[in-house]
Amino acid sequence: MKILYVGGEAVPFVSTGGLGDVLGSLPAAIAKESSENDVRVVIPLHSKIPSVWKDKMTVAASFDVHLAWRVQHADIMKLEKDGVVYYFVANDYYFSRNNVYGEYDDGERYAFFCKAAVEMLPRIGFTPDVLHANDWQAALSIIYLRKQQNYPNTRTVYTIHNIEYQGKFPTAILGDVFSLWNTDLPELEYDGCINLTKGAIVCCDKLTTVSQRYSEEIRTPYYAYGLADIISAYAGKTCGIVNGIDTDYYNPMTDPVICGGHYSAKYHTFSGKAGNKAALQKELGLPVDPDKPLIAMVTRLVPPKGLDLVRAMLGEIMQGESQFVVLGTGEHDYEEYFRGLENYYPDKVRALLRFDKELSRKIYAGADVFLMPSQSEPCGLSQMIACRYGAVPVVRETGGLYDTIKAFDETTGEGNGVTFYAFSPYEMKDAVGRALKYYYEKPLWKKLVKNAMNSDFSWSASAKKYMEMYNSMF
């Protein structure tokens, strides 16, 4: 099968979050599924892509793109990695920017990208069986393919990674910016404006989300950010497939960043876990004490991550013996709260208000408990990474957290974490309390940590489900 993935970012070239991890891992996993799969990816050539990658690229095509009254040139750069061919749409006017997203003309930038991604196909001699677009920035690739090109045998997939971000624009710019006609408006218009996500939902052959639970949740107003009726109307072509993680990259047996010793559930070597906890406590200036449970969060500091629950109850939790560390940036009020908490508990709390990927892995390796009380979580990768490093997840039962973390049962010894259902500070506190109870009952804790570390979150399982979904369209 010939598959083209379209999106705004991909690891290791450029990434702002989970989408980059998906487009950096899923295509390679699909390529491994069969040597006959021809897997390709296209993203913009962002200025943030390091020169070590740019220096390896060659020119695959070069042409002008007509976007309404504009004519902008596109160079299609190419390189191969892990059995996948990556293309990069180069145009300095649109992509020599400081930000991958969040520029004033994002609608125009990504319209140009999508048009170039579709118009490059005959120039590179590639007709995909499946075009798989990801999030609103790639939505127009499906719309252009259907409205302006002749690819009757190409099936299209649209994946919603986070429905909060839909690509909304005034209807007045339909022709001037998006190079579409008024006859195209019925598919795109929603709630008085252009909604690119709605347009892709209508035009695609399959609609997917990044977990099964999330595909069900977004049919309800609470989770859908206004699109519940559209999602429900197209429920027949909707499915959810949970993301995976790169288990080679996130591997406590080989991770070069962690400095307290390597360890593995597979090889029954766990001493390194305690060593990494001690190393993290020392690095952060916390008392080095193996008997004090270390609770951690690595997260964006925004409301959907459940931080109102944390703010309501963490002070009470810290009155016990636990230590707490948070790594992340976000809204000012949350940052100030964690700064204040660190000042109040200088021997218990550390607020690391920055983005630091290497430090995050040290935290996963050193933490005992990993807290994710999300209000909504389309998939979530942190709970999977935490399991990989033996940090027991405490999660709210929503989205991908529900699909990946199952409550530990003391009687059967099954389950890989601690869960709670209601979005309530008291239920979160109770769940943390259960985790700490297990921590002090060492036989139970050892079993729970092993269960977490033995969870299979590799991309291979997800890749098989994607291939089944792709094949179902033919």
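## Rings and helices at a glance

Tyr 249 counts as partly exposed, at 33% relative accessibility (from 20% to 50%; under 20% is buried and over 50% exposed, using a 1.4 Å probe and protein chains only). This is a predicted model, so local features need pLDDT of at least 70 and side-chain atom pairs pLDDT 80 or more, while totals for chains, interfaces and linings use all residues. Residues are numbered from 1 along each chain as its sequence is written, and side-chain values use heavy atoms, leaving out hydrogens and water.

**Aromatic pairs**

- You'll find 24 aromatic pairs here (Phe, Tyr or six-membered Trp rings with centres within 6.5 Å; planes under 30 degrees apart are stacked, over 60 edge-to-face, the rest tilted).
- Tyr 249 and Tyr 250 make an edge-to-face pair, with 4.8 Å centre to centre and 85° between the planes.
- Tyr 250 is buried at a relative accessible area of 9%, whereas Tyr 249 is partly exposed.
- Phe 324 and Phe 338 form a stacked pair, with their centres 6.0 Å apart and 20° between the planes.
- Phe 324 belongs to strand β14 (residues 323-327) and Phe 338 to helix α14 (residues 332-344), so this pair ties together parts 14 residues apart in sequence (helices, H or I of at least four residues, and strands, E of at least two, are DSSP runs numbered from the N terminus).
- Both partners are tucked away: Phe 324 is buried at 0% relative accessible area, and Phe 338 is buried at 1%.

**Helices α4 and α6**

- Helix α4 (residues 106-119) packs on helix α6 (residues 139-148) at an angle of about 50°, their axes 8 Å apart (axes are lines fitted to C-alpha atoms over the stretch in contact, with angles from 0 to 180 degrees between N-to-C directions).
- α6 is mostly covered, with seven of its 10 residues buried, among them Leu 140, Ile 143 and Tyr 144.
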